[in-house]
Amino acid sequence: MIAFVQRVGRVGLSVCTELGRAGFFLSKSVWRKPRSGQKLHLLAHTIFNSGVLSLPIIIVSGLFIGMVVGLQGFNILNKFSVTSELGQMVALSVVRELGPVVTALLFAGRAGSALTAEIGLMKATEQLDAMEMMGVDPLGRIMLPRLLGGFISMPLLTIIFCAVAILGGELIGVKWLGVDGGAFWSNMQSSVDFRLDVINGIIKSAVFGVVITWMAVYQGASSVPTAAGISHATTRTVVYSSLIVLGLDFVLTAMMMGGW
Amino acid sequence: MGQKGLETLVGFFILLAIAGLVMLAFQVSNLTISQGSNTYEVKAQFDNIGDLKVRAPVTVAGVKVGQVANIVLDPKNYRATVFLRLDQSADNIPKDSSASILTAGLLGSNYISLSPGFDTQFLKAGDNISETHSAIILEQMIGQLLFSVNKDKAAAGDSDNADKS
């Protein structure tokens, strides 16, 4: 009995320590004196790695998710013979929920795992220590551009995902199933509010971007510097950030629906 | 790939995202950059606004000329004061026009329809539309219908009894 309580206590303490370490890690990397634009090319490199290289998977999955929502929505709405509301259904479900969440899950799998593996390997091959020996701060040189690149890429990817998904829904609904194009767009426009729906979706995606990138970079930096350690860290990044994204999504949605 | 090519690709990425945002803003959510100078506000009082909501369209002959800006309850006479924000392009609506709350389709949302009058003076900002028709509440209508049907039946029954006696 006591042993069980002790184990619970140990787990709780280690969770708290880990959270505290991760928090200090983030604040130490991000809140530092801004130096002149010499790091901009590093930032461009990380945006390229986590943003531009994620574009194909984001665009393809956005297209297919929009098409599936269009197809499913058409069949349901057809029962009530209100297929003209298809645009509203596709746009609201994509902009509010599917866009931020699916992009975040894909981003965790595509960019988050790559970040963890990259930093973990740098640690395993003692590149980070070598940098410190040369007087270069690895937090500023390696971690900060990667964190910022992820923070910037994620909302941009979400916007592209939403736009492509809505076009995919239009492709199925209007071009294939014969919903009237004017009704599709005008019903969408009258029901989607820019601030309440679009901006809130982008806020969600920005929060997800921060959490995923933070998780990925921290897991990489704190990984055990062995082959098995890196693979564990990569797995943890994807699993933890997917779970956190889904949990946070509920909390954020509840806050936004409740009007803050 | 050199630094230049990389930066170009990042630039394309950002431009693509901006294009997506513009599409979401204007094509999907119909964001209108509403300047105060392009619209003017008039108000109308209704006994009952039914299910009318803020941002509901205001139409003349079915053409949208503005939207509902605000709805408040008048504390003195317990009527609903509806503020209508009309486009400046529709500045030639006669002063004696009437406003009625209609429903789009059987289950659709409510909107306000303005029927133009014959006055040569036009509505200006701050004017009050005096002639209004409230929303039709379906339950009340059914209640009245049932009431009148029952009354007819009762009258018919009375006359039958009178014939027999």
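Begin with chain B of this predicted model, which is divided into domain 1, covering residues 1–31, and domain 2, covering residues 36–138.

Next, select the strands of chain B, where eight of them form an open sheet with mixed pairing, in the order β7-β1-β4-β3-β2-β6-β5-β8. At the edges of this sheet stand β7 (128–129) and β8 (131–133) of chain B, and because each has a single partner strand, one side of each is left without a neighbour in the sheet.

Showing side chains here lets you find Lys43(B), which stands opposite Asn128(B) in β7(B).

Now bring chain A into view and select the contact between the chains, to which chain B gives 19 residues and chain A gives 24 residues. On the side of chain B that touches chain A, the residues divide into 13 nonpolar, five polar and one charged.

Finally, move to chain A and select helix α4 (residues 86–124) together with helix α6 (residues 138–176), which pack at an angle of about 145° with their axes 7 Å apart. The contact of α4(A) with α6(A) has, by class, 20 nonpolar, six polar and one charged residues, and the crossing of these two helices, α4(A) and α6(A), is right-handed.

Definitions and conventions. Residues are numbered from 1 along each chain as its sequence is written. Chains are lettered from A and ligands numbered from 1 in the order in which they are written. This is a predicted model: local features need pLDDT of at least 70, side-chain atom pairs count only at pLDDT 80 or more; totals for chains, interfaces and linings use all residues. Axes are lines fitted to C-alpha atoms, for helices over the stretch in contact, and angles run from 0 to 180 degrees between N-to-C directions. Helices (H or I, at least four residues) and strands (E, at least two) are DSSP runs, numbered from the N terminus. A crossing is left-handed if the near helix is turned anticlockwise from the far one by less than a right angle, and right-handed if clockwise. Ala, Val, Leu, Ile, Met, Phe, Trp, Tyr, Cys and Pro count as nonpolar, Asp, Glu, Lys and Arg as charged, and the others, Gly among them, as polar. Two residues are in contact if their C-beta atoms, placed from the backbone, lie within 7 Å. Two strands pair if DSSP finds at least two bridges between them. Domain bounds come from an automatic or database domain assignment.
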